[in-house]
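User: Could you go through the salt bridges in this model with me, and say where the partners sit?
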Amino acid sequence: MAAVRSGFLDTPIEFLKGVGPKRADLLRAEAEIFNFQDLLFFFPFRYIDRSRFYTIREVTGEMPFVQIRGKISDIQLHGKQRTTRMTATLSDATGSLELVWFRGFKWLKDKFKPGVEYIVFGKPALFGRVYNIAHPEIEPVTPGAINQSSAMQPVYNSTEKLRARGLDSKGIGKLLKTLLEFAGRHIHETLPESILKQSKLVSRETALREIHFPTNAQSLQKAQARLKFEELFYIQLNLLRQRMIRLEKTEGYVFSVVGEHFNNFFFNRLSFELTGAQKRVMKEIRSDTLSGKQMNRLLQGDVGSGKTVIAVMSMLIALDNGFQACLMAPTEILAFQHYESVSNMLSDSGIQVALLTGSTKQSERKTILSGLKEGSIHIVIGTHALIEDVVAFESLGMVVIDEQHRFGVAQRARLWAKSDTPPHVLVMTATPIPRTLAMTLYGDLDVSVIDELPPGRKPIKTIHQYDRNRLKVFGFMRDQVAKGRQVYVVYPLIKESEKLDLKDLNDGYESIVREFPPPQYAVSIVHGKMKPADKDWEMQRFVSGQTQIMVATTVIEVGIDVPNASVMVIESAERFGLSQLHQLRGRVGRGADQSYCILMSKDELSADARKRLGVMVSTNDGFQIAETDLQLRGPGDIQGTQQSGILDLKIADLTKDEAILKYARARAIDLLKGDSSLQKPDNRVVRQRLQELYHDRLHWGRIS
Ligand code: ADP
Ligand code: MG
């Protein structure tokens with residue numbers, strides 16, 4: 001959280017009445033609450049509607065909380081030498097359940113009067129065949145009690161340690177009550193009058209009050225809407241402003257000609273007609289590179305949609321205008337494969353292409369570095385090694401980044417810093433990004449989409465098989481191999497249990513070799529722990545068709561292109577995310593043959609896992625899959641979101657708030673249109689707020 005103008009809200013948390021140094025330490029360590037402001041923004045994660053009463057017959061073990069009116073009888077103390085448990089029966093007209101206590105007996109045992117009606121509130125659980133509620137909240141039914149319980153009650157996240165110090169949900173609520181008593185006049189409005197009016201938003205102060213202690217469901221909804229709007233509005237405004245600054249201030253190289261290199265490739269080498277989508281994207285890139293501004297374009301295209309050729313043609317235009325170009329990939333294998341295919345496409349053209357990765361030998365590296373500096377190397381392809389400081393270009397004009405979500409903004413900026421005028425940047429991703437995420441992650445980029453696959457592709461058939469049907473799957477693999485096809489078998493590799501996963505992989509490899517023994521068959525294995533040279537050697541054997549089966553971890557996830565491979569078997573598919581499954585599936589279906597993706601899973605699946613695998617079976621559309629992934633898992637698990645800051649969202653939810661996001665973006669665009677430098681008096685609050693929020697990030701705009 002950025003510093004806030006108001007000194008009061010910056011006050012360290014220990015100075016709040018009821019906190020003190022010990023609790024303050026805990027609040028800092030357990031909840032990242034350092035000052036009043038942090039507490040104010042520690043929102044309830046849900047609310048309990050205490051206006052609703054349930055009958056005992058309605059109670060199920062799944063309910064998070066219930067509120068019941070009933071009478072209490074049959075109080076019993078249990079335990080041998082001393083009491084360890086106390087129970088009582090709660091009954092209403094529909095039945096009865098058990099109340100349980102594990103402490104506080106002395107005080108409780110005479111508290112409940114027979115025949116009196118109580119309001120009982122707590123979490124029901126099924127114990128044996130009887131429902132019970134442990135440590136319920138109980139109060140007698142009085143007109144006041146019913147009235148009071150009609151409010152929405154906030155529930156705050158707490159932890160074991162906080163609870164031990166009295167800071168359970170209730171305790172935190174108490175602190176907030178105290179804080180809000182004093183804080184009111186220190187909560188400043190952060191949105192301009194005009195937007196508040198136009199969008200019918202409640203004031204910031206009202207919103208912060210109501211989010212903690214809603215008067216009713218409707219006022220809570222208004223508070224949430226206001227706070228979500230504000231959060232998304234400022235993210236969008238910041239992104240849009242950065243883009244504006246980039247366009248206004250940053251000169252870009254003008255690629256005025258399309259010349260020999262491009263034409264040679266296009267007319268003599270390209271063996272297929274570009275798809276309509278590819279043509280459109282090339283036009284967009286052409287127009288960017290003619291505009292005199294730096295291009296910053298995100299190219300989204302599903303696996304196999306033909307992004308590589310776009311990258312090559314873009315780089316060739318740079319060369320035609322006397323510039324160098326580079327292509328950056330996230331892994332060595334990918335960089336190598338790009339290098340192979342690009343060198344191949346450009347053979348006999350006189351264009352010098354080099355490969356630079358972490359494992360490039362010292363002597364070779366030296367030659368490449370000096371070639372780049374002198375300009376005798378025209379295109380360099382590589383990994384992160386390309387952004388090291390020692391890499392200098394004579395005149396870098398075009399940077400293509402493949403599978404961008406693995407590179408952070410900071411890394412992009414480092415590449416741009418390599419020349420005074422920044423090179424044009426084309427970022428390519430095969431992970432379809434749901435619109436809400438794209439708007440938030442890449443709101444500062446222009447976006448192109450290849451939404452059309454090259455003609456003649458047969459849609460991949462996806463099948464879900466349980467482990468018990470493994471023999472059937474082996475049989476199918478045998479048939480396909482007999483037809484001359486190749487097969488991938490992929491195992492999950494997840495950090496926490498790397499050792500176990502590696503064992504799974506090796507066991508799997510052995511069982512495959514048993515099923516497909518030499519000399520009739522040959523099986524490759526590739527995983528992340530292998531030396532790059534061994535990996536390449538194994539890859540090469542598969543690429544060239546010497547081996548029929550490739551057993552691998554997800555290192556083969558991105559980019560690998562073996563058109564003859566037509567079967568993708570994914571082991572423990574339930575452990576993969578949807579986007580990852582989609583990426584893996586994209587490794588097949590690249591040739592003319594019918595391709596298959598077989599999702600193997602354990603026999604017992606959770607409802608969630610079944611749903612995910614079901615989506616994979618039912619569609620090949622990457623965007624639809626990405627939307628479902630976002631719905632099911634939230635943005636935290638989606639690649640690219642980790643460094644983006646969108647996980648810091650306090651209240652907006654990208655899976656649910658698309659409408660608010662779009663609306664907030666539209667308001668941000670309006671605002672900048674009307675007052676691009678934020679000079680109008682009404683927009684002063686906006687200036688201030690931007691400064692508070694993005695103080696240390698503003699200079700990114702200048703670098704880019
Ligand atoms: P991706 O977008 O996943 O990087 P690639 O660029 O690797 O896809 O392209 C996949 C395959 O499709 C490659 O073999 C490529 O040569 C081929 N391809 C690309 N564009 C076309 C096209 N317009 N017509 C036919 N084949 C194409
Ligand atoms: Mg690719």
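Analyst: Before we start, a residue is called buried when its relative accessible area is under 20%. Please also keep in mind that this is a predicted model.

User: Okay, then is R297 buried or exposed?
Analyst: R297 has a relative accessible area of 9%, so this residue is buried.

User: And what does R297 pair with?
Analyst: The side chain of R297 meets that of E284 in a salt bridge, with N and O at 3.8 Å. Because E284 belongs to helix α11 and R297 to strand β10 (residues 296-301), the bridge ties together parts that lie 13 residues apart in sequence. E284 itself counts as partly exposed, at 25% relative accessibility.

User: Which residue does D451 bridge to?
Analyst: D451 forms a salt bridge with R280, and their closest N and O atoms are 3.6 Å apart. This pair links distant parts of the chain, since D451 is in the loop between β16 (446-450) and β17 (461-466) while R280 is in helix α11 (residues 276-290), 171 residues away. D451 is exposed at 57%, whereas R280 is partly exposed at 36% relative accessibility.

User: What about E515, where is its partner?
Analyst: E515 forms a salt bridge with R478, the closest N and O atoms being 2.8 Å apart. Here helix α18 (residues 498-515) contributes E515 and helix α17 (residues 470-482) contributes R478, the two residues being 37 apart.

User: Switching topic, how many salt bridges are there in the structure?
Analyst: The structure holds 30 salt bridges.

User: Which residues are linked in a network?
Analyst: A network of salt bridges links E189, R204, R226, E230, R689 and E692.

Conventions. Residues are numbered from 1 along each chain as its sequence is written. Chains are lettered from A and ligands numbered from 1 in the order in which they are written. This is a predicted model: local features need pLDDT of at least 70, side-chain atom pairs count only at pLDDT 80 or more; totals for chains, interfaces and linings use all residues. Side-chain values use heavy atoms; hydrogens and water are left out. A salt bridge is a side-chain nitrogen of Lys or Arg within 4 Å of a carboxyl oxygen of Asp or Glu. Helices (H or I, at least four residues) and strands (E, at least two) are DSSP runs, numbered from the N terminus. Buried means under 20% relative accessible area, exposed over 50%, partly exposed in between (1.4 Å probe, protein chains only).
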